[in-house]
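Please open the model in a viewer and keep the sequence at hand.

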Amino acid sequence: MTETATHTAGAFTPPARFAVPGRIEVNGRVAGTWQTATLTEIHRETPGASTFRFAVPGWAGHLPGQHLMLRLTAEDGYRAQRHYSLASAPDESGHIELTLDRVPDGEVSGWFHTVARPGDRIEVRGPLSGFFAWPGDRPALLLGAGSGVVPLMSMVRHHRARGLTVPLRLLVSARGPEELIYAREFGAETTPVFTRTAPAGTPVGRLTSAHLAPLLSEPPAGGWEAYVCGSNAFAEHASRLLVAAGQPVERIRIERFG
Ligand SMILES: Cc1cc2nc3c(=O)[nH]c(=O)nc-3n(C[C@H](O)[C@H](O)[C@H](O)COP(=O)(O)OP(=O)(O)OC[C@H]3O[C@@H](n4cnc5c(N)ncnc54)[C@H](O)[C@@H]3O)c2cc1C
């Protein structure tokens, strides 16, 4: 793979189950098939993360929290495939959105951030994994860091789009405000935790038991279902805090981005 490879529309040139309203019931047969996705929009979220919107006419529908497998194929037949969480809520638009962090020297994320243009076609297969899915039927306590907020945002968007009243809270950790993905969309359900820099008056530091205590000391009826997503280190840290604060371990769902 070389840095000199050029961009060709439609080609990857390697650079250096739950029933709830909406189009959400998943067709397993369709989900197992590779489908063409056409990139329609690119939207910058932060200096290091962008959202990519795709038209996928045959999309099988998904549950908030699920992910897909994405495949790029080079002209010489070389293929690269990676998992990406669905950022968009399930809807009838025939489109889905993914938000990708730019990983230094990353093969797939690098191509998206430097080469991809609207009109390009890639392949997707999914949705995958029901374990991290939130059907919108139980109180949800969402803990995410960095791009780990992506599947959690699908849940927040679903909650809003359907006008759900079931309690939902999001704690999201980022190095600083400029790295907070979806910052403009957050509302009263969200508490940002800044680990390196923060606006004046906002504390700086890691997620601690003090962030969780008020939520876990007064749980909603039926208790919280906790969803944790981010790096291995964050997933480990956040799930330990949850257990220490009394959250039943069998009610903690973890998605690791590696
Ligand atoms: C279920 C699941 C859902 C995911 N959802 C998302 C998502 O919504 N958004 C998103 O941006 N990513 C997500 N990821 C991560 C994604 O699959 C890729 O691992 C990531 O985009 C890097 O791929 P790449 O081809 O760019 O880098 P590669 O070419 O695979 O790796 C380049 C270098 O970066 C290192 N590296 C790889 N991944 C990371 C990383 N995440 N952070 C730091 N260094 C890394 C590698 O060790 C290597 O040295 C998800 C992963 C999983 C398993």
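A polar contact is a pair of N or O atoms within 3.5 Å; within protein, one must be able to donate a hydrogen and the other to accept it, and residues adjacent in sequence count only if both atoms are side-chain atoms. The model is predicted: local features need pLDDT of at least 70 and side-chain atom pairs pLDDT 80 or more, while totals for chains, interfaces and linings use all residues. Residues are numbered from 1 along each chain as its sequence is written, and side-chain values use heavy atoms, without hydrogens and water.

**The ligand.** Select E107 and the ligand: a backbone N or O atom of E107 is 2.9 Å from a ligand oxygen. Next, display the side chains of R82 and Y84. An N or O atom in the side chain of R82 lies 2.7 Å from an oxygen atom of the ligand, and for the side chain of Y84 the corresponding distance is 2.6 Å. The protein covers 66% of the 910 Å² of accessible area that the ligand has on its own (Shrake-Rupley method, 1.4 Å probe).

**A salt bridge.** Move to E41 and R53, which form a salt bridge with their closest N and O atoms 4.0 Å apart. The term denotes a side-chain nitrogen of Lys or Arg within 4 Å of a carboxyl oxygen of Asp or Glu. E41 lies in strand β1 (residues 35–46) and R53 in strand β2 (residues 49–55), so the pair ties together parts 12 residues apart in sequence. The structure holds 11 salt bridges.

**Backbone features.** Finally, select G126 and P127, which are joined by a cis peptide bond with omega of about 10 degrees. P127 is in strand β6 (residues 121–128). S129 is in the loop between β6 and β7 (140–145); its phi is positive, near 65 degrees, in a residue other than glycine.

Definitions and conventions:
Helix = DSSP H or I, 4+ residues; strand = E, 2+ residues; numbered from the N terminus.
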